[in-house]
Amino acid sequence: MNLTDNKSRILCSAAFSALCLAFATSAAAQEDIDIDEVVVTGTSIRGVEAVGSATVKLDRIELQKTGFNSPVDILRTVPQIQNLGYDDVPHVAQNGNGNQQRGTTVNLRGLGSNATLLLVDGRRVAPTGNVFSFTEANQLPVSMIERIDVVADGSSAIYGSDAVAGVVNYITRKSFEGLEITARTTQNKYYSQYGGSIIGGHAWSLPFGSGRGVAAYDRDHRGAMLQGKSRYLRQDLRDLGGNDNRVRNNTATIAPGGAIVVASTTPNTALPTAGTFVYYGLPANYQPGVTTGASLIRNQPPLMDSADYVDFIPETDRSQLSLNLEQDVGDRLTFYYGGFYHHRESTSRTLQQSGVRTIPASSPLYIPGVPGVAPGAPLTVAFSFLRDIDQMKVLTTDTGISHTVGTRVDLMANWRADVAFTSSTTRTCANCIDPLNANLNGAALQAALNTGTFNPFSATPASREELAKFLVPAQDKARSRLAQTSVRLDGPLFDLPAGTVRAAAGYERLYLMQNNTRYGIQGVPDTNDAFAERTIDAFYGELFIPVIGEEQSVPFVRSLDLDIAGRTEKYSDVGRASNPKIGVNWSINEDLSIKGAWGRSFRAPNLIENNPIFFSRISLTTLTNNSGDPTIPVQNAATRQTNVIALAGSNADLVPEKAESTSFTVDYQPSAVPGLRLSATYYKIHYENQIIGLQTALATFLATPNNRAQYAPFIVAAPQPSTCVNGNPATYNPVYAQAMADPNLVILDQSNFCSAAALVFPRNANAGINEQDGVDVSINYGFETGLGDFNFNANATKILHNRVKITPQSAEQDGRDRINYPVSLRGRAGLTWNRDFWTAGLFMNYVGEYTNDLPIAVGGVLQPVKKVKSWETFDAVVAYTVPKDAGGYRISINVQNLFDRDPPTVLSANGNGLDVQNANVFGRMGTLQITKSF
């Protein structure tokens, strides 16, 4: 097959015909290369397009138009993909706050990142993760991607577990002739990013057969962005109508100098967010053993905003390498190799605070005569280490490597055998920090305060030797491995009047391993070495039947094709699963066609989700409390907040998720209007036993009386006794002591445990039942004029219903257009123009309005439930492309958020002043790319 012809077929669809002229000229300048294998997503049968399910295809032109240099950023221009879950920007919903290594995922329909299966050339990739397990979606250079296929339909019959919401398949470039070098830079008002890529390829001929190879390398550096650079990300949100969160009950972000915290019986009117606590600042002339309570400064603690010291996005360096090789031996045998390497290092600045600590009367640091403190009673203190070691840094690394070797053998009667082996590994270190860094051993710090060997109030920085006693090294490393052996046969069976019946059958054996090692996390000295493995044997088959063909002249049927697929898998640890799928393509005439699909899908709990040894922790957290439950009292009237102890983590009792999906698509390409294509898809998914990390819902446990009732199985009212001593479980309410007895449990900072009013269990659970249906709409129209060629493209998705039962006991809810849930209306539309070597385009991105039903209290007044306004932004691209034979270069300027639109203000229990899941603070962002071809 001629390369230029092939690209014309792939790229120059009706949707993008206006852009093809600029790129076809460049493609034609390359040498002709035969392409033998075309990867099709959604089917196992060679030479057959996926039947029944609509597929979104982002080709090379679409990748270049966006100006993004990561696959995930490109994919997030697709309306069916919601930005919930794992991202290098901290998220709350769908376990995003457990993303320690700052990984990124793709989330179709908002059903969860783990419900979307990510593939590279149809093959799985080893998962990553320390606290939660997921597939890293940014592992390939964009220059190496030929196209990205998105099938937003259940596909477990083809691919097995995880394909509940659908499949995203990166198709890499198998043939390329020459060398192409790209340099790029991205700028906005908060950070700079620069990088470059190189891709080279060549075809050769040997005495025994032809071969071809393509290699690409990409290097990228992104600077860090402090939270304090955006007013939406500060602790002090008063200018947005929110609270000054530098003070929160008896915890505060204290600047060097320290403060004394004293419990009171009346609200603190000078510092409303302090609740019933009074803060005392220390005088500048503080001296141990000399300073008394009379010289303290009431309600004037030295405060600072942590946003000025904590990164919102880390400084990141990323390297990616990809290689594809193919060698023919004769006319029937081909050996191939595909591999890639990915390495990312992220460095985050952070701020270590003391937490709530005490100074006993026996300590030389003790200050007698503090108002409100009984003589001889310990002092409660808060302080910062900023004077001692300035800002701290946390290093996170993520490395992945994958190799696939295989052979294709053409057998008799046009049958083909494909045998392949894939080995994929990932290694992460999500908490790799040196000594004197942000890892606090609370017990050691308390001991230093008791003896006075560390003075938090001193103007003189402490020695490194003293700091090293409680700012301790730590590690949180994870290693996973995937080994997949696959054998597939496909070819024709027999002929029918409408065409040839084709079939595919195969066997796969999949081995998965996860090994995590933790030491010293949050000062806990115990080593935690967790290991789990799983083996899966799978058999699958698929049958393509052309029922009616054009030659049969059946009224209202130009063609009718049927596809039947099935797959059964046997797990070494969670049993057996079998899933069917049926697809139908019905072409009524040249203009109108209809397709439909029905199938069942499933997802087995991953190796971290159902193994408590990997992730089980207990910690104190503050919840918005409007529950009306008198047994869990509001502790801070100004903010209506209550402290609870949360036990989060994995769950050994999880069972596989199950889903049933149906979809119907109508395509209309009127011959009377050449270049116009209209498409609409209706889909419905019934999803049960959904594994929900209730960590996501924790912020809402007490938000309303209804929520209190819904989450009742996971909430235990448990006020601490007056004799409670922080750090001594024997003095706690017995409910907490019992929960803390689990040997797998990592117990985080106990310095304020005595303030807890309840124990909550936000663990992984098969709690979710989700039924979602909606419509995807696509309009494409390309036309020629004397001024150039134009193309209009619009894509939108509308979720009609998203019925959710958060727990089996809860009432059904509308899980759409609410914070932490999918936004029902999303879209992207664009108009592009092409003339000669010039291309220009303008695109609008739309995120519909939704409800903030987790409002905060400001000044003791609960804010009303509010609508969050829709967010419209515009992107633009201008490119100049010169064919290879005339110099071979391309210059493009891409601008995101062209008009520098601010995000909507959202003050909720999620924190911050915006919802980072549906908007961003980056403002106008421009990217310049220069590409030279040789």
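This is a predicted model: local features need pLDDT of at least 70, side-chain atom pairs count only at pLDDT 80 or more; totals for chains, interfaces and linings use all residues.
Before we turn to the sheets, a definition: two strands are said to pair if DSSP finds at least two bridges between them, and the strands themselves (E, at least two residues), like the helices (H or I, at least four residues), are DSSP runs numbered from the N terminus.

Residues are numbered from 1 along each chain as its sequence is written, and side-chain values use heavy atoms, with hydrogens and water left out.

Let me begin with the whole chain. The protein chain holds 10 helices and 45 strands. Its radius of gyration, taken over C-alpha atoms, is 30 Å, close to the 30 Å that the globule rule (2.2 Å times the number of residues to the power 0.38) gives for 934 residues, so the chain is as compact as a globular protein of that length. Along the principal axes, the C-alpha trace spans about 100 × 55 × 55 Å. Of the 934 residues, 59% are buried, where buried means under 20% relative accessible area, exposed means over 50%, and partly exposed lies in between (1.4 Å probe, protein chains only). Among contacts with a separation of 6 or more, 72% link residues 24 or more positions apart, a contact being heavy atoms within 4.5 Å.

Strand 27 (residues 616-624) runs parallel to strand 32 and is joined to it by two bridges, with Ile-618 having Ile-747 of strand 32 as its bridge partner.

Elsewhere, strand 15 (residues 315-329) pairs with strand 16 (residues 333-350) in the antiparallel sense, over 15 bridges, and Glu-326 stands opposite Tyr-336 of strand 16. Three residues lie between the strands in this hairpin, where Gly-330 takes a positive phi near 70°. Strand 16 also pairs with strand 19 (residues 392-410), again in the antiparallel sense, over 18 bridges, and there Arg-344 stands opposite Asp-398.

Asp-121 sits in the loop between strand 2 (116-120) and strand 3 (145-151), whereas Ser-553 is found in the loop between strand 23 (527-548) and strand 24 (559-571). Is each of them buried or exposed? Asp-121 is buried, with a relative accessible area of 19%, while Ser-553 counts as exposed at 60% relative accessibility.

I will finish with Ser-486, which lies in strand 21 (residues 475-496). Why does Ser-486 count as buried? Ser-486 does so because its relative accessibility is 9%, under the 20% limit. Leaving aside neighbours within four places in sequence, Ser-486 is in contact with Arg-123, Asp-418, Val-419, Ala-420, Tyr-507 and Glu-508.
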